[in-house]
Amino acid sequence: MFDFLNYIPIIGGFLSTVVPFVIVLSIVVAIHEYGHYIVGKWCGIHPEVFSLGFGPVLVSRFDKHGTKWQVSAIPLGGYVRFLGDGDAASGPNSAPFDESMRHKTLNGAKLYKRVLTVIAGPVANFILSAVLFAGIAYSVGSLSKEPVVGSIIEIPNSQSELRLGDRILAVNGTQVETFTDIIKLAPTMDALKPAMYSIERNGEKKTIIGPFLTPALVGSVMPVSPASKAGLKEGDVLLAADGVELHSFAQLISVISNSDKGSIDLKIWRNNAEIAVVITPSFRDIQVAEDKFEKRMMIGVSSGLAFLAPINDIGIFDAIRSGVERTYFVISSSLTGISQIVTGKVGAENLQGPLGIAQMSGDTASTGLLSLITLIAFISSAIGFLNLLPIPVLDGGHLVLYAYEAIFRRPPSMKAIQIAMTTGMTLLLSLMAFATFNDLVRLF
């Protein structure tokens, strides 16, 4: 999508990473802060400033309600500052204040109004994710469960008589009723022997030679991975690795796992031409059981299938359900990931900071608009979840303070709040610094 930026001399690569990152972050932050803004306004809390970005103000205007809307120079976040806030994190203000206006401040409003205003930011992120995921599902559709050939990938030197529209009845003598049944048979197939497919074509049943289902085909490329650095793309066929001819994706995994040198020479088939690529695998934590992880050498690609089922349209209600389910999946995965890092099951080097997210945005944007929208949906869910963590200065930290007030019928002391805010900010900055260090290690 932003590939043209790579052709701008010197700064093209930088722009192709930064521009998508700024777009993704700006959308996610704007929605998050608008959640705080609109619910706070509904609750009678006056928003003084709505800022996209930090630092010097580039452009601003006041609306008829007295709220200043502004865009600032540093596009790494944003904030809503309500009347009476001491800072962008809505900390308490110790300066003298007109008591008659206290009910219009975040800290002076009724407790339930404060809770609603604070939690509205993460909820807005979740709603954005669900809407985007639903829109993607509605526009793209879903793969049919029927064992019918909807698309075929061209594999060099592959023996296949399969055609679009063929209904597969059996593979190597084993009957199938759904497309999933075909996928389950993949491990039983021999990549070096022709597979026999029983099919129905135009009302006639016949047996033909079909493709090996899981060749060394790139189904997807993980952003910020050795594969993305090397320029691998979805649909690439890997012909050879370090001189070893590849016939299956499992064979590719074996070659990478057993490699005893830093880099691997790949021969790729793309657009009817062979391309030579050098790739440097890296270790990554992989879940091998419910509660067990292993570090494995990987390049960051997933397997593709030699053919796929047709794509069916889905209704709006199914799309909405899909959007909600995928949002829930991202939230639960984020919770699981953090718990695994905290308990030491997964290495802390897996944390990504701003540089990692920027590179991920650039890698994803280069594959197309749909991929970029999907990334926005994922990051929106993740940002919403992270803001609910019970860390002072984050929304979750504010909710903890409100819970204290609800239980003890009084707010924490000003000194306790300031200590909590300082501690939270220190923790957050330390975590960001560590994640940024991880980003730099991955980059270089």
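Student: Which helix is I127 found in?

Tutor: I127 is found in helix α2, residues 111-140. Keep in mind that this is a predicted model. I127 also takes part in a nonpolar surface patch of about 380 Å², together with I119, V123, V131 and L388.

Student: What makes R81 and E48 a salt bridge?

Tutor: Their side chains meet at 3.9 Å, N to O, and the cut-off is within 4 Å. R81 is in strand β2 (residues 68-82) and E48 in strand β1 (residues 47-62), 33 residues apart, and the pair links distant parts of the chain.

Student: Why is R81 called partly exposed?

Tutor: Buried means under 20% relative accessible area and exposed means over 50%. R81 has 28% relative accessibility, so R81 counts as partly exposed.

Student: What makes the contact of R270 with D236 a salt bridge?

Tutor: The closest N and O atoms are 2.7 Å apart, and the limit is within 4 Å. R270 is in strand β12 (residues 264-270), while D236 is in the loop between α4 (226-230) and β10 (237-241), 34 residues apart.

Student: Is D236 buried or exposed?

Tutor: D236 has a relative accessible area of 1%. Buried means under 20%, so D236 is buried.

Student: How many salt bridges does a search of the whole structure find?

Tutor: The search finds seven. There is also a network of salt bridges that links D318, R321 and E325.

Student: How do you know that the span of helix α9 agrees with its 14 residues?

Tutor: At 1.5 Å a residue, helix α9 (residues 395-408) should span 20 Å, and its end C-alpha atoms are 20 Å apart, so the two agree.

Student: Which residues of α9 are buried?

Tutor: They are D395, G396, G397, H398, L401, Y402 and E405. After α9 comes R409, whose phi is positive, near 65°.

Note on methods
Residues are numbered from 1 along each chain as its sequence is written. This is a predicted model: local features need pLDDT of at least 70, side-chain atom pairs count only at pLDDT 80 or more; totals for chains, interfaces and linings use all residues. Side-chain values use heavy atoms; hydrogens and water are left out. Patches are made of residues with over 30% relative accessible area and no salt bridge: like charges are joined within 9 Å, nonpolar side chains (Val, Leu, Ile, Met, Phe, Trp, Tyr) within 5 Å. Accessible areas come from the Shrake-Rupley method with a 1.4 Å probe; for residues, only the protein chains shown count as cover. Helices (H or I, at least four residues) and strands (E, at least two) are DSSP runs, numbered from the N terminus. The expected span of a helix is 1.5 Å times one less than its number of residues. Buried means under 20% relative accessible area, exposed over 50%, partly exposed in between (1.4 Å probe, protein chains only).
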